[in-house]
Each structure stands twice: as structure tokens, then as C-alpha cells.
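Visitor: I have a model open and want to learn to read it. Where do I start?
Guide: Take one feature at a time. Here is the model.

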Amino acid sequence: GLNLGWVYQFMGTAIGSAVIPLWNMLMWKDANAIGAVVGVWSGLVLAMITWVAVTAAQFDEVTVETLGALEPNLAGNLVAILSSGLIHV
């Protein structure tokens, strides 16, 4: 069910899209604030879609238990981090 481990895994999908745009804003003098905001929100949406789609494809159903599986969370996390970075750049 919904426990601390589930919430911890979900956090990567929920806030992972802020990692690269925030890093860019801190370290890159040419980083664009609007691009960072668009990257974060777009990455979040893409990550959520990926998380649910991979869950549905792997388990043929979307429940709290199946959403807590490792592979869908990994896919959501990777999409969150990588897509937001690509969108911001």
C-alpha cells in the first residue's frame, strides 16, 4: 500500500524535474528563467505520464501497489530528470 517507501520513490518523479534546470540556473550564466520553469513543469508532466504508462504496460492495471513498483518509478525518475534538462537547454 501507500507507505513511506512508496512516497520516497514518488518524490523522485514529482520533484526530479527541478534538478537540472535548478543546477543550470545556479551554474550557467546564460540560463533562462522562463526556460527553467517550462522545463520543470514539462518534465513533471512527462514523468507522470511515463510513470502511469509504464505501470499500465507492465501490470495491465494501475493501482497504488503497482505504481510503487521499481521499474515504473525508475522510468518516471529518468524522464523527469533528463527531459527537463533537455527542455531547459
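Visitor: Which helix holds Met11?
Guide: This is a predicted model. Met11 sits in helix H1.

Visitor: Which helix gives the largest share of the nonpolar patch?
Guide: Helix H1, residues 4-15, supplies five residues, the largest share.

Visitor: How many helices and strands are there in the chain?
Guide: Five helices and zero strands. Along the sequence the pattern reads α-α-α-α-α. For overall dimensions, take the C-alpha atoms along the principal axes: they fill a box of roughly 45 × 25 × 15 Å.

Visitor: How are two packed helices described?
Guide: By the angle between their axes and the distance between the axes. Now the case here. Helix H2 covers residues 19-27 and helix H5 covers residues 70-88. Their axes come within 7 Å and cross at roughly 40°.

Visitor: Why are H2 and H5 called oblique to each other?
Guide: Angles under 35 degrees count as roughly parallel, and roughly perpendicular starts at 65. The crossing is roughly 40°, so H2 and H5 are oblique.

Visitor: Which residues make the contact?
Guide: From H2, Ile20, Pro21, Asn24 and Met25. From H5, Ile81, Ser84, Gly85 and His88.

Conventions:
Residues numbered from 1 in each chain as written. Predicted model: local features only at pLDDT ≥ 70, side-chain atom pairs only at ≥ 80, totals over all residues. Heavy atoms only, no water. Axes fitted to C-alpha atoms, helices over the stretch in contact; angles between N-to-C directions. Helix = DSSP H or I, 4+ residues; strand = E, 2+ residues; numbered from the N terminus. Parallel < 35°, antiparallel > 145°, perpendicular 65-115°, else oblique. Contact = heavy atoms within 4.5 Å.
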